[in-house]
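Please open the model in a viewer and follow the selections below in order.

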Amino acid sequence: MRKVAVVTGCSYGLGFEIADRLIDEGYFVYGLSRSAPPQKLSSYPDTFVWCECDITKPEDVTAAIKHIGTYIDVLVNNAGAFEFGSFEQFTSKKIDKIIDLNVKGTMYVTNAALDFMREESKIIFINSVAGLYEIDNEAVYSASKHAITAFAGILGKELRNRKIKVISIHPGGMETPMQRTNPNKQTLLDPKEISSLVVDTLKSKAVYKTIKVFPESEWHQ
């Protein structure tokens, strides 16, 4: 039986790379995003379905998961927002954008998907080094990612009796549209490295809780 994966934020960057790689690995992938993904994914009608979904809206998430309407073997919570700058420069609108997407949206999707997840399913959070460290000029982003670090850790304990594994992956800077504007990043990871890590983690029989992946010259090492 073909395994089913759900990937949020599939329309570009790392989300696209993860969805594309999972298709190559034989998964049927449902991609959730506000904007349409690249044509490459849409050219796989037998292995990919795009669900237009703003994950900050609970009603959108509920509709998307109901549309999928099947068991889910893998959930990859990838969608996220980033803003760089001192906290005093942030407006309430910018704060809401980051918290609503990175924290609340991630929780909405996870909550809705859990009803369709079976034993041995896996939930992967694409977190960040900002979820482990206090990084200058990333107060709101770091706060959102620290929240997901805690959420993933507690969720993993709660789901242990259902044999659902929860993994939090913490990459350093990546060559994606979201991170190219970040002056903290001296070197950037190739998103394909992280998509390969996701696949390797899914194949592994080892139990992972937190995985850190830094570029060679990551600034806080």
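Begin by selecting Glu83 and Lys94, which form a salt bridge whose closest N and O atoms are 4.0 Å apart; a salt bridge here is a side-chain nitrogen of Lys or Arg within 4 Å of a carboxyl oxygen of Asp or Glu. Because Glu83 lies in the loop between strand 4 (72–77) and helix 4 (92–113) and Lys94 in helix 4, the pair ties together parts that are 11 residues apart in sequence. Helices (H or I, at least four residues) and strands (E, at least two) are DSSP runs, numbered from the N terminus. The model is predicted: local features need pLDDT of at least 70, side-chain atom pairs count only at pLDDT 80 or more, and totals for chains, interfaces and linings use all residues. Residues are numbered from 1 along each chain as its sequence is written, and side-chain values use heavy atoms, with hydrogens and water left out.

Next, select Lys104 and Asp100, whose side chains meet in a salt bridge (3.4 Å, N to O). Both residues lie in helix 4, four residues apart, about one turn of the helix. Lys104 is partly exposed at 36% relative accessibility; buried means under 20% relative accessible area, exposed over 50%, and partly exposed in between (1.4 Å probe, protein chains only).

Move on to Glu120 and Lys165, a salt bridge with its closest N and O atoms 3.3 Å apart. This pair links distant parts of the chain, with Glu120 in strand 5 (residues 117–126) and Lys165 in strand 6 (residues 165–171), 45 residues apart.

Finally, select Arg21, Glu25 and Lys203, which salt bridges with shared partners join into one network. The whole structure contains nine salt bridges.
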